[in-house]
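Here is a short briefing on one structure. Look over the sequence and the fold, then read on.

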Amino acid sequence: MKPLFVLIIVYVALLAFGGHTTFDKGNIFAGNIAMAVMLLFTAIGHFKFKTSMAAMIPLFIPKKVEIVLLTGILEILFAIGLAIESTRSFTGIALIIFYIAILPANIYTAKHRINYEDLHKPGPGPKYLWFRIPFQLFLIAWVWYFSVR
């Protein structure tokens with residue numbers, strides 16, 4: 001839920017205040033910068049909660065913490081790529097593939113009631129998917145609209 005708030009607040013703020021500044025570049029710019037800020041926000045979680053987030057990865061996959069750190073680095077690179085107009089489309093396609101690729105980890109997390117911020121507390125379980133799957137589709141649509149099309 002927090003990433004959604006970051007995405008929307010940054011987008012609305014850029015639209016609301018961008019016209020009063022010299023850096024205003026319109027709706028597409030605002031959408032990409034908002035996604036970039038959200039990605040930087042979520043990347044922080046990959047470093048802060050790396051052990052708990054590693055539990056989101058199915059047991060048969062090795063080097064879980066390393067994967068969490070790698071995906072955090074990828075999110076930072078995606079944020080940079082979205083901020084650069086010449087790399088935006090390619091980055092958007094790669095980010096959509098990334099969002100599709102991480103969906104199974106979110107399903108695994110819900111099925112096993114994993115709390116990715118604190119392993120000592122149970123996660124919300126399957127009801128989490130009622131938010132997460134539509135949110136994932138929303139993120140894919142956002143990236144498609146603002147970065148790829």
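Is Gln136 buried or exposed? Gln136 is buried, because its relative accessible area is 1% and the cut-off for buried is under 20%. The model is a predicted one.

**Gln136**

- Gln136 sits in helix α6.
- Not counting residues up to four places away in sequence, Gln136 touches Tyr99, Ile102, Leu103 and Asn106.

**α2 against α6**

- Helix α2 covers residues 26-48 and helix α6 covers residues 129-148.
- Their axes come within 9 Å and cross at roughly 140°.
- That angle makes α2 oblique to α6, because roughly antiparallel needs an angle over 145 degrees.
- The crossing of α2 past α6 is left-handed.
- On the α2 side, the contact involves Asn27, Ile28, Gly31, Asn32, Ala34, Met35 and Met38.
- On the α6 side, the partners are Phe135, Leu139, Trp142, Val143, Tyr145, Phe146 and Ser147.
- By class, the contact of α2 with α6 has 10 nonpolar, four polar and no charged residues.

**Gly31**

- Gly31 belongs to helix α2.
- Gly31 counts as buried because its relative accessibility is 0%, and buried means under 20%.
- Neighbours within four places in sequence aside, Gly31 is in contact with Tyr11, Trp142 and Phe146.
- Trp142 and Phe146 are among the α6 residues that meet α2.
- Tyr11 is one of the α1 residues that meet α6.
- Gly31 and Ile107 are 76 residues apart in sequence, and their C-alpha atoms are 27 Å apart in space.

**α1 against α6**

- α1 and α6 pack at an angle of about 30°, with their axes 11 Å apart.
- The two helices are therefore roughly parallel to each other, since the angle is under 35 degrees.
- Their crossing is left-handed.
- From α1, Pro3, Leu4, Leu7, Ile8 and Tyr11 take part.
- They meet Phe131, Phe135, Phe138, Leu139, Trp142 and Phe146 of α6.
- The contact of α1 with α6 divides into 11 nonpolar, no polar and no charged residues.

**α4 against α5**

- The axes of α4 and α5 come within 8 Å and cross at roughly 150°.
- α4 is therefore roughly antiparallel to α5, because the angle is over 145 degrees.
- α4 passes α5 in a left-handed crossing.
- α4 brings Thr71, Leu74, Glu75, Phe78, Gly81, Leu82 and Ala83 to the contact.
- α5 brings Arg88, Thr91, Gly92, Ala94, Leu95 and Phe98.
- By class, the contact of α4 with α5 has seven nonpolar, four polar and two charged residues.

- Leaving aside neighbours within four places in sequence, Met38 is in contact with Pro3, Val6, Leu7, Tyr99, Phe135 and Leu139.
- Met38 is also one of the α2 residues in the contact with α6.

- Most residues other than glycine have a negative phi.
- Lys63 is not a glycine, yet has a positive phi of about 55°.
- Lys63 is placed in the loop between α3 (50-54) and α4.
- Lys63 counts as exposed because its relative accessibility is 58%, and exposed means over 50%.
- Arg113 is not a glycine either, and has a positive phi of about 50°.
- Arg113 lies in the loop between α5 and α6.
- Arg113 is partly exposed, because its relative accessible area is 45%.

Technical notes: Residues are numbered from 1 along each chain as its sequence is written. This is a predicted model: local features need pLDDT of at least 70, side-chain atom pairs count only at pLDDT 80 or more; totals for chains, interfaces and linings use all residues. Side-chain values use heavy atoms; hydrogens and water are left out. Axes are lines fitted to C-alpha atoms, for helices over the stretch in contact, and angles run from 0 to 180 degrees between N-to-C directions. Helices (H or I, at least four residues) and strands (E, at least two) are DSSP runs, numbered from the N terminus. Angles under 35 degrees count as roughly parallel, over 145 as roughly antiparallel, 65 to 115 as roughly perpendicular and the rest as oblique. A crossing is left-handed if the near helix is turned anticlockwise from the far one by less than a right angle, and right-handed if clockwise. Contact means heavy atoms within 4.5 Å. Ala, Val, Leu, Ile, Met, Phe, Trp, Tyr, Cys and Pro count as nonpolar, Asp, Glu, Lys and Arg as charged, and the others, Gly among them, as polar. Buried means under 20% relative accessible area, exposed over 50%, partly exposed in between (1.4 Å probe, protein chains only).
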